[in-house]
Amino acid sequence: MSHNKQVALVTGANRGIGFELVKQLALNGFRVILASRDLEKGYEAAQRLEQSGLDVTFVQMDVDDQDSIRQASLTVNETFGRLDVLINNAGVYLDENELFMTMDPSILEKTMSTNFFGVYHVIRTFIPLMKKRSFGRIINISSEYGVMNEMSERGVGAYKLSKLALNALTRLAAAEIQGDIKINAVCPGWVSSDMGGPAAPRTPKQAAESILWLATIGPEGPQGGFFRDGKAIDW
Ligand SMILES: NC(=O)c1ccc[n+]([C@@H]2O[C@H](COP(=O)([O-])OP(=O)(O)OC[C@H]3O[C@@H](n4cnc5c(N)ncnc54)[C@H](OP(=O)(O)O)[C@@H]3O)[C@@H](O)[C@H]2O)c1
């Protein structure tokens, strides 16, 4: 029977919001693939969920590495033969205390590599698995830092630009995708993960709850949108 269950994959899911997304997808009846760039951390995280009875498996995937993405897609195809939900969650936040024009350019390159190109390559590599069944739900974890007005404020330029580009990628892909495949971006709010820090008001659990409605939208659901707590953000 489990083979009729929808299959979901979450990138960067060994900790933080990604880990909680995996947990909640599994609790909601999905077979979930926990993707992590680190073999040991990913395996250990998936095992913790499996041991509590959840249908979770692990695949290694570094979104900065196209070979790693390709290898992960081959593994998913061989093991499951389908992918229904893809959540692009992996991300870095490297320029909290930097100014855009004076920081080391490698910070911008690294940030774009993970937060923008990583998502671009993951989508391109995994979408054939969705096209096979003309069905898919893609969720890009973005940030309100990526709205155009934020570009007028000093600082955090690499991260802001990466999320602005991610939002644009979401629209570009939405305009070209055919069949019942939806792609949307979402802001999880300020979340108490390693990235968000302990002062953040929202838990990863609350963040995941505010995101997962996009995994189960029907064919009439939104396409190419950007949301927070179910409300469209004008960016
Ligand atoms: N926390 C917030 O307040 C907040 C607000 C808005 C948006 N977001 C977004 O939410 C998403 C998740 O953030 P989080 O707060 O859960 O952050 P986090 O706790 O720092 O976790 C980030 C995850 O991404 C993974 N990752 C980084 N680079 C990767 C790569 N090249 N390949 C694969 N995985 C990679 C990390 O893996 P390792 O463990 O191996 O480093 C980790 O699992 C991010 O896209 C972030 O931009 C967060």
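Two strands count as paired if DSSP finds at least two bridges between them. Strands (E, at least two residues) and helices (H or I, at least four) are DSSP runs, numbered from the N terminus. The views below show a predicted model, in which local features need pLDDT of at least 70 and side-chain atom pairs count only at pLDDT 80 or more, while totals for chains, interfaces and linings use all residues. Residue numbers start from 1 along each chain, as its sequence is written.

**View 1. Strands E5 and E6 run parallel in the sheet.**
Seven bridges join E5 to E6, which covers residues 180–186. The bridge partner of Phe135 in E6 is Asp180. The open sheet has eight strands with mixed pairing, in the order E3-E2-E1-E4-E5-E6-E7-E8. Strand E3 (56–60) and E8 are the edge strands; each has a single partner strand, so one side of each has no neighbour in the sheet. Strands of a sheet pair through backbone hydrogen bonds, either parallel or antiparallel.

**View 2. The whole chain holds six helices and eight strands.**
Along the sequence, the pattern is β-α-β-α-β-α-β-α-β-α-β-α-β-β. The C-alpha atoms fill a box of roughly 55 × 35 × 35 Å along the principal axes. The radius of gyration, taken over C-alpha atoms, is compared with a globule rule of 2.2 Å times the number of residues to the power 0.38. For 235 residues a compact globule would have a value near 18 Å, and the 17 Å of the chain agrees with this.

**View 3. Ala8 belongs to the largest nonpolar core.**
A nonpolar core is a set of buried Ala, Val, Leu, Ile, Met, Phe, Trp, Tyr and Cys residues joined through C-beta atoms within 7 Å. Buried means that 20 or more other C-beta atoms lie within 10 Å of the residue's own, exposed means 12 or fewer, and partly exposed is in between; C-beta atoms are placed from the backbone. The largest core has 56 residues, of which Ala8, Val10, Val22, Val32 and Leu34 touch the most other members. A second, separate core of five residues includes Ala158 and Tyr159. Residues are in contact if their C-beta atoms, placed from the backbone, lie within 7 Å. Not counting residues up to four places away in sequence, Ala8 touches, among others, Leu25, Phe30 and Ala215.

**View 4. Ile123 sits in helix H4 (residues 105–131).**
Ile123 counts as buried because it has 21 C-beta neighbours inside 10 Å. Leaving aside neighbours within four places in sequence, Ile123 is in contact with Ile138 and Ala173.

Ser134 lies in the loop between H4 and strand E5 (135–141), and is exposed, with 10 other C-beta atoms within 10 Å. Asp229 is in the loop between strand E7 (226–228) and strand E8 (231–232), and is partly exposed, with 15 other C-beta atoms within 10 Å.

**View 5. A shell of 30 residues surrounds the ligand.**
A residue is near a molecule if its C-beta atom, placed from the backbone, lies within 6 Å of it. The closest residues are Gly12, Gly16, Gly91, Ser193 and Gly196. Helix H1 (16–27) and H4 each give two or more residues to the shell, and H1 gives the most, with three.

Definitions and conventions
Contact = placed C-beta atoms within 7 Å.
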